[in-house]
Amino acid sequence: MNGISLTGRIDQNASILRERLTLLGEQVSTGRKGSSYAVLDTDAPKSMDLRGEITRRGAYQSAISQTLSKIQVTQDVLDRIAAIADKFAADTASLMGATKPEAIQIQAGQARAALKEVANLLNEKFNGDFLFGGSNAHQPPIPDPDNILTSGMATGIATEVASLTPTNAATVLANTKALAQSDVLGVTPFSVFISTGPGATEGRRNVLSGDGQRIDYGLFANRNGSVISSGETTGSWARDLMRGLASIAALTPGQSQLGQGYTDLVTTVQQGLKSAVSALALERGSLGVVEESIQSKSDLHERVTLTLTLQVSDVEEVDMAKTITSFQATQTQLEASYRAIAIAQQLSLTRFL
């Protein structure tokens, strides 16, 4: 009976060694302490907390990444719009004084094309979302950009410019400004949503960059984001640019003979375009600051996530050198147990015989 009892104890010990060897083999293969939190024992809550924090920061980084891409596209659009405004602010000087009829015709034609381009630029999308449409990201802020020249604003400005006389420039200019500022349906080229709907008073689109930390970055097609226009302005760089382009588009060669009325009109149009140029520069700079701030948040999340990942590694992963050594030692012990069982069984059989 002693032999059988000894064999049983050795076999029991071998069973424990086999289980340990299996676990060590998995650890050597995966580098992890185990496939469940149960293996971590008292470190399980810490592991769960760390992984939860990593997931949370990953969600912030994903949202920030999308936002940074949107901002980059928005900056590209603003760059092009600014180039258009700058060109016409400079070129308008050539319309002063004795102007050749063909020069007015050329600029008027260019202004018509530029007005259409600006309208389409303000309808730019990223991943299906309109960048300048506020929270209504799936509807264009300018519903009919290709036909903006037939919008109430453009046709109204054309009518006012056509009525220019040597003495009524102030009235014409006041009326063109009112038309550009108007949010009345049928006059404004902008959507109802951002003109008189919820988008007219809502805040800018923003990104949740951290716990309770929202950063504004969105822009609207019909109003400034974070800057205040100055000088000859409707209060909006987009409206100032559209007003200027629509006014130039409506000029005719014969109007250059209207003396002071023509000069006052062209001078004020140029001032309005310069206001658009200045405000656009400030808007682009402000958006650049926002971009840097959001990027810094992303960098912070990345650094913290790296630290958290290292902490998870300390909790969940094994010391590979020690684990391999333990695996080899356990394997040796198990082989010795098998040899001991064989010897014990032989001794028991000898005594029985």
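How many helices and how many strands does the chain have? The chain has nine helices and four strands, where helices are DSSP runs of H or I with at least four residues and strands are runs of E with at least two, numbered from the N terminus. The model is predicted: local features need pLDDT of at least 70 and side-chain atom pairs count only at pLDDT 80 or more, while totals for chains, interfaces and linings use all residues. Residues are numbered from 1 along each chain as its sequence is written, and side-chain values use heavy atoms, with hydrogens and water left out.

Begin with the whole chain, coloured by secondary structure. Switch to a surface: the chain exposes about 17,700 Å², with 55% supplied by carbon and sulfur atoms (Shrake-Rupley method, 1.4 Å probe). Of the 353 residues, 43% are buried (under 20% relative accessible area). Among contacts (heavy atoms within 4.5 Å) with a separation of 6 or more, 75% join residues 24 or more positions apart.

Next, select residues 152–162, helix H4, and residues 237–249, helix H7. Their axes (lines fitted to C-alpha atoms over the stretch in contact) lie 9 Å apart, at an angle of about 50°. The crossing of the two helices is right-handed.

Finally, show side chains. On H4, select Met153, Ala154, Ile157 and Val161; they meet Met242, Arg243, Ala246 and Ser247 of H7. By class, this contact comprises six nonpolar residues, one polar and one charged.

Key:
Buried means under 20% relative accessible area, exposed over 50%, partly exposed in between (1.4 Å probe, protein chains only). Axes are lines fitted to C-alpha atoms, for helices over the stretch in contact, and angles run from 0 to 180 degrees between N-to-C directions. A crossing is left-handed if the near helix is turned anticlockwise from the far one by less than a right angle, and right-handed if clockwise. Ala, Val, Leu, Ile, Met, Phe, Trp, Tyr, Cys and Pro count as nonpolar, Asp, Glu, Lys and Arg as charged, and the others, Gly among them, as polar.
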